[in-house]
Every structure is written in structure tokens, then in C-alpha cells.
Amino acid sequence: MDELIGRLATNASMDSAVAEKTVGIILGFLRSEGPSDSVQALIDQIPGAEAAIEASKSGGGLSRLMGGGLMAVGTRLMGLGLGMSEIQNVARELFRFGRDKIGADRMGKIIAGTPGLGQFA
């Protein structure tokens, strides 16, 4: 997790605490909406990912009212102070990291198999 947080802090210019929350939210979304085998392979390659996903589930009252999917993720990330361009930068960096960890083919399956994610690739 520290490697990914460091990359986000540097390449997406964000605070490490916000980066960790962001990763938890995105990985939680991928786990619920994406192809489970490929997503789990990615999560398994990120030490601390499970804890970040669990931590991101708290404070979900408003999130539950808004439903799920990519729009809810975007709203939660905007709630952390991220704008649309920052969300795109985070997604691209996470995809690069994923390609490094599980390969381009598996990361491609996650992007293709998760509704709405292709626009961020």
C-alpha cells in the first residue's frame, strides 16, 4: 500500500491520507462491480488493501442513499476534495500500478469488465 500511496502522492499530487482513502474507495468499488478473480489478484498484490477497503466503508449513510456504481464512487471521491481531473489522474495511476503488479491483460480485464471504468483508462 505504501508504494501505491507514494505514487499517488507524487504523481497525482495528493496528501497521503486522502490517497489511502481514495484507494480504499476505488478498490471497494472494483471488488463489488468488477470481475472478481482479476480484482482479487490486484488486491492480493497490495499489502494493506483489505484494511483500506474496510476503512472506506465507514460513513456510508449518504453513500447508501445515493446507490452504487461509478457515480457514487465519484461523489465519495469529490467528498474527499478531489475534482474530476484529479479523479482521472488517480484512476490512471492506479491502472499503471495494477499493470505493474498483475500484468496488462488482467488489468485490462478489470477495466473492460467494470461498468463505466473504460472512460478513465
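Biologist: What should I know before reading the values?

Modeller: This is a predicted model, with residues numbered from 1 along each chain as its sequence is written. Local features need pLDDT of at least 70, side-chain atom pairs count only at pLDDT 80 or more, totals for chains, interfaces and linings use all residues, and side-chain values use heavy atoms, with hydrogens and water left out.

Biologist: How many helices and strands are there, and what makes a stretch count as one?

Modeller: The chain has eight helices and zero strands. Both are DSSP runs, numbered from the N terminus: helices are H or I with at least four residues, strands are E with at least two. The order is α-α-α-α-α-α-α-α.

Biologist: What does S38 touch?

Modeller: S38 touches I102, R106, K109 and I110, leaving aside residues up to four places away in sequence. A contact means heavy atoms within 4.5 Å. Of the chain's contacts with a separation of 6 or more, 66% come from residues 24 or more positions apart.

Biologist: Which class does G81 fall in, and why?

Modeller: G81 has a relative accessible area of 55%, so G81 is exposed. G81 sits in the loop between α6 and α7 (84-102).

Biologist: What makes S13 stand out?

Modeller: Its phi is near 50°, a positive value in a residue other than glycine. Most residues other than glycine have a negative phi. S13 lies in the loop between α1 (2-11) and α2. At 61% relative accessibility, S13 counts as exposed.

Biologist: How do you know where the buried residues of α4 lie around the axis?

Modeller: In α4 (residues 49-56), A49, A52, I53 and S56 are buried. They cover an arc of only 100° around the axis, so they lie on the same side of α4. The arc is that of the directions from the helix axis to the C-beta atoms. An α-helix has 3.6 residues a turn, so residues three or four places apart point the same way. The face turned away carries exposed A51 and A55. Cover for the buried residues of α4 includes α2 (16-33), α3 (36-44) and α6 (69-79).

Biologist: Why are the buried residues of α8 said to line a face?

Modeller: The buried residues of α8 (residues 104-113) are M107, I110 and I111. Seen down the axis, they fall within an arc of 95°, so they line one face of the helix. D105, K109 and A112 are exposed on the other side. What covers the buried residues of α8 includes α2, α3 and α7.

Notes
Buried < 20%, exposed > 50% of the residue type's maximum accessible area, 1.4 Å probe, protein only.
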